[in-house]
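Biologist: I am new to this model. Please take one part of it, look at it closely, and then place it in its surroundings.

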Amino acid sequence: MGLAARHHLRVARTARYYTLGGGGEGVEEAWFALHGYRQAARRFARRFEVLDAPERIIVVPEALSRFYVDPSPGRHGPEHRVGASWMTREDRDNEIADYVAYLDALAREMAATAAPAVRRRVVLGFSQGAHTASRWVVLGRPNAHELVLWGAGLATDLSPDALATGLEAVQVTFVRGAADKFRDRREERAQDALLEELGVPFRVLIHPGGHEIAPEPLLEIARAETRPAPHPPATSSPASGT
């Protein structure tokens, strides 16, 4: 008997997202916050309540692949927590293309309803969402001014040429927890060196917490100028967390 033949079929999906802040013609900032593996958008959005302001809208999309996080066997019910994942290694190229298209569509929808005065667009990704965010900024059309990679770095499958082109007008910020058990310092040094070589502006913020979104770095990023000085060296900035 022969091997099963592989096929693909493009289908429509219904995506879910949440928003904080905004609510008027005075909106000047649009943030897109991408959650990590096993997280859900509604709970993740709570981490950004410190940024809630009439002049800032925060959009929190949820990944398209949901699953029960609790490991208990048998039937799952309302008491079992549900999380989501942006992708796995299976059929990865199509999964990446699908979520880039999804996030592009979300960005277009938000742009259609946003005030023309929006002057700052930030894409923030946490953990697995950092890899997702970097691919979206480089491969998609978020028209981002800033890319914030929190608890992880750039997707390693992005080529130097793609990074140089996709991040040409983007300020990159890495946020790293001093107590983050998932930190890979060798990879951090390699990515810092690569961006320096490519001439991509970036900075590094260090907070004392672990693998988590902490309020102080968020507030520091929100207070920062939209366009920092070109290409500063990698520096550490102390920021308290919870």
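Modeller: A residue is buried under 20% relative accessible area, exposed over 50% and partly exposed in between (1.4 Å probe, protein chains only). Thr156 counts as exposed because its relative accessibility is 64%. The model is predicted, so local features need pLDDT of at least 70 and side-chain atom pairs pLDDT 80 or more, while totals for chains, interfaces and linings use all residues. Residues are numbered from 1 along each chain as its sequence is written, and side-chain values use heavy atoms, without hydrogens and water.

Thr156 sits in the loop that joins strand 7 to helix 4 (160–166); helices (H or I, at least four residues) and strands (E, at least two) are DSSP runs numbered from the N terminus. Beyond its neighbours within four places in sequence, Thr156 contacts Glu187 and Gln191, contact meaning heavy atoms within 4.5 Å. From Thr156 to Glu187 is 31 residues in sequence, and 9.4 Å between the C-alpha atoms.

Next comes the interior. A nonpolar core is a set of buried Ala, Val, Leu, Ile, Met, Phe, Trp, Tyr and Cys residues joined through side-chain atoms within 4.5 Å. The largest has 41 residues, and those touching the most other members are Phe32, Leu147, Leu154, Leu167, Val172, Phe174 and Leu195. Among the elements that supply at least two residues each are strand 7 (146–150), strand 8 (171–177), helix 2 (92–113) and helix 3 (128–139). Helix 2 gives the most, eight residues. Leaving aside neighbours within four places in sequence, Leu167 contacts Val137, Val138, Leu147, Leu154, Val172, Leu195 and Val200. Another core, of 22 residues, lies apart from the largest one and includes Trp31, Ala41, Ile58 and Ala214.

Helix 2 also gives the most residues, ten, to the lining of the largest pocket. A pocket is an open set of points on a 1 Å grid over the protein atoms alone, where a 1.4 Å probe fits, with protein on both sides within 12 Å along at least five of seven lines; lining residues have an atom within 4 Å of a point. This pocket holds about 650 Å³, its volume being the space filled by probe spheres set on points joined across faces, edges and corners. It is lined by 24 residues, and Arg10, Val11, Arg13, Leu64 and Asp98 are the closest to its centre.
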